[in-house]
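Subject: Structure handover

Hello,

Here is the structure for you to look over. My notes follow below it.

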Amino acid sequence: GAFLLTVFMFIVGNALYAILSVFGYAARAVMVFSRFLVGVSSANIAIIRSYVASSTTTQERTTAVSLTSAAQGLGFIIGPAIQTGLAVVFSKSRILDNQREGPAPHARSETGRIL
C-alpha cells in the first residue's frame with residue numbers, strides 16, 4: 001500500500017513538473033507543489049531496500065540490491081530526458097497558440113504608445 005502510494009505521488013509530481021508551461025501564471029505554485037510531491041515520495045527507496053533485504057537470501061541480496069540501485073540510476077538518466085521531451089512538446093503548442101492570438105496586451109512596446 002505505502003509503496004504504491006509513493007510511486008503514484010512520484011509519477012503525479014513529475015508529470016505536473018513536466019507540463020508546467022500549461023499552467024501560465026500558476027506555474028510557480030504548481031512547480032513548488034510538484035517538487036514537494038516528488039520529495040515526499042522519494043522516500044520509497046527505503047521501502048524498496050527494506051523489502052529486498054527481507055525477501056532475499058544472503059547470497060541473493062547483493063545482486064538484488066545492485067539491480068535496485070541500477071534501476072534507480074537508470075531512472076535518474078531517463079526521467080529528465082522524458083521531462084525535456086514533454087516540455088518541448090507543450091511549449092511548442094503554447095507558442096503556436098500565442099501566434100494565433102497575437103501578443104498579449106501587457107507585451108506591447110512602450111514606444112508604440114500615443115501620448
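A residue counts as buried under 20% relative accessible area, as exposed over 50%, and as partly exposed in between, with a 1.4 Å probe and protein chains only. By that cut-off, 15% of the 115 residues of the protein chain are buried.

Two notes on the source. This is a predicted model: local features need pLDDT of at least 70, side-chain atom pairs count only at pLDDT 80 or more, and totals for chains, interfaces and linings use all residues. Residues are numbered from 1 along each chain as its sequence is written, and side-chain values use heavy atoms, with hydrogens and water left out.

Overall make-up

The protein chain has four helices and zero strands. Its elements run α-α-α-α from the N terminus. Helices here are DSSP runs of H or I with at least four residues, strands are E runs of at least two, and both are numbered from the N terminus. The exposed surface comes to about 8,700 Å², with 69% supplied by carbon and sulfur atoms. The areas are Shrake-Rupley values with a 1.4 Å probe. Contact means heavy atoms within 4.5 Å. Take the contacts between residues at least 6 apart in sequence: 58% of them join residues at least 24 apart.

Helix 1 with helix 2

Helix 1 covers residues 2-18 and helix 2 covers residues 27-41; they pack at about 150°, axes 8 Å apart. Axes are fitted to C-alpha atoms over the stretch in contact, and angles run from 0 to 180 degrees between N-to-C directions. The pair is therefore roughly antiparallel, a label for angles over 145 degrees. The crossing is left-handed: the near helix is turned anticlockwise from the far one by less than a right angle. Residues of helix 1 in this contact include Met-9, Phe-10 and Tyr-17, and those of helix 2 include Phe-33, Arg-35 and Leu-37. The contact residues split into eleven nonpolar, five polar and one charged. Nonpolar means Ala, Val, Leu, Ile, Met, Phe, Trp, Tyr, Cys and Pro; charged means Asp, Glu, Lys and Arg; the others, Gly among them, are polar.

Helix 1 with helix 3

Helix 3 spans residues 44-55 and packs on helix 1 at about 145°, with the axes 9 Å apart. Ala-2, Phe-3, Thr-6 and Val-7 of helix 1 meet Asn-44, Ile-47 and Ile-48 of helix 3. That makes five nonpolar, two polar and no charged residues. This crossing is also left-handed.

Thr-6

Which residues does Thr-6 contact, leaving aside neighbours within four places in sequence? Ser-41 and Asn-44. Thr-6 is buried, at 13% relative accessible area.

Best wishes

Methods: Angles under 35 degrees count as roughly parallel, over 145 as roughly antiparallel, 65 to 115 as roughly perpendicular and the rest as oblique.
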